[in-house]
Amino acid sequence: MNFHVLTLFPEMVMQGLHTSILGRAVSKGYMTIEAVNIRDYTNDKHGKVDDYTYGGGAGMLMQAQPVYDAYWAVADAIANRKAAEAEPAAAESAEGIQERNGGSGCARDRQPRVVYLTPQGRTFHQKMAEEFAKEEDLIFLCGHYEGIDERVIEEIVTDPVSIGDYVLTGGELPAMVMIDAIARLVPGVLHNDESAVSESFYHDLLEYPQYSRPEIWHEKKVPEILLSGNHAKVDEWRLAQSIERTKKLRPDLYEKWKQRSESECRQDKKKS
Ligand code: SAM
């Protein structure tokens, strides 16, 4: 999987995402992460990428032109790579690719999804991460200052996404949050493929409590069942703990899980 981040602060994204598990996943070739500096694409001779907003108001707005050109540089590079994978000869002609895409204006259906990080988008959640993890390429557009000129958003963005109902200074941290959540679902990124499956939200339930050595700490003993070696009983205990914990901490999620389980139960009964 390939993550492409359009940003004014590429070093922030690269430093943040090339450490620990994601850093290892990149070096092993399970995924790539590139940060593209929008400023490199401005036509302004002083390197300016922002300006005042029409109609007045505080703050500066990122202009359409550098964002649009940075986007097309990435989209063309992806199209070139795909063409090279599909038919090596066609890759030599950038014009050919533009033609196949139907020109820059009509290419959206063939272009990768573009996530615009914005407090106005749909709130990010685990199911969205699972859906995005199926893509081969994802482009993230990070705003700064007061945001981005609406016209370029209309032309290139497919998915406006928020990470919560609060306002941050830029889209870099939200992009990193999303990439982290999506990347750990990419096969091979986590050492143990099981871990994503048993974690919180996977089945609309929070994860059960977990313990490591020593067996007794601060006079608190690890639950006996976990030391029993009886895997079926351990699974049963963990599910019960997950249900109890979700009911207590996230009643909204618990209701969702209950309704889903009841409907699955009804369907099973109908079949038998
Ligand atoms: N004026 C914008 C508004 O009221 O909707 C907020 C702009 S914010 C100061 C600057 C940038 O930070 C946004 O363009 C967006 O990329 C990012 N951002 C801020 N809060 C965010 C959130 N909750 N989720 C995702 N991105 C966010």
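**Ligand, loops and rings**

Me: How far is an oxygen atom of the ligand from an N or O atom in the side chain of Gln120?
Reply: A word on the ground rules: this is a predicted model, in which local features need pLDDT of at least 70, side-chain atom pairs count only at pLDDT 80 or more, and totals for chains, interfaces and linings use all residues. Residues are numbered from 1 along each chain as its sequence is written, and side-chain values use heavy atoms, leaving out hydrogens and water. A polar contact is a pair of N or O atoms within 3.5 Å; within protein, one must be able to donate a hydrogen and the other to accept it, and residues adjacent in sequence count only if both atoms are side-chain atoms. For Gln120 and the ligand oxygen, the distance is 2.8 Å.

Me: How far from a nitrogen atom of the ligand does a backbone N or O atom of Gly164 lie?
Reply: The backbone takes part at Glu146 as well, where an N or O atom lies 3.0 Å from a nitrogen atom of the ligand. For Gly164, the distance to a ligand nitrogen is 3.1 Å.

Me: And how much of the ligand's accessible area does the protein cover?
Reply: On its own, the ligand has 590 Å² of accessible area, computed by the Shrake-Rupley method with a 1.4 Å probe.

Me: How many residues surround the ligand?
Reply: A residue counts as near if one of its heavy atoms lies within 4 Å. The closest are Leu117, Gln120, Gly143, Tyr166 and Leu168.

Me: Which residue's side chain makes a polar contact with that of His144?
Reply: His144 sits in the loop between strand S6 (137-142) and helix H6 (150-156); helices (H or I, at least four residues) and strands (E, at least two) are DSSP runs, numbered from the N terminus. Setting aside residues up to four places away in sequence, His144 touches Leu8, Phe9, Met62, Thr169, Gly170 and Glu172, where contact means heavy atoms within 4.5 Å. The polar contact, at 3.3 Å, is with the side chain of Glu172.

Me: Is His144 buried or exposed?
Reply: Buried means under 20% relative accessible area, exposed over 50% and partly exposed in between (1.4 Å probe, protein chains only). With a relative accessible area of 14%, His144 is therefore buried.

Me: What is the phi of Tyr145?
Reply: Tyr145 also belongs to the loop between S6 and H6, and at 38% relative accessibility it is partly exposed. Although Tyr145 is not a glycine, its phi is positive, at about 55°.

Me: How many aromatic pairs are there?
Reply: Rings of Phe, Tyr and Trp (its six-membered ring) pair if their centres lie within 6.5 Å; planes under 30 degrees apart count as stacked, over 60 as edge-to-face and the rest as tilted. The count by this rule is 3.

Me: How far apart in sequence are the parts that Phe3 and Phe140 tie together?
Reply: This pair is tilted, with 6.2 Å centre to centre and 35° between the planes. Phe3 is in strand S1 (residues 2-7) and Phe140 in strand S6, so the parts tied together are separated by 137 residues.

Me: How many disulfides does the structure hold?
Reply: A disulfide here is a pair of cysteine sulfur atoms within 2.5 Å. Cys142 is buried at 0% relative accessible area, whereas Cys265 is partly exposed at 43%. The number of disulfides is 0.
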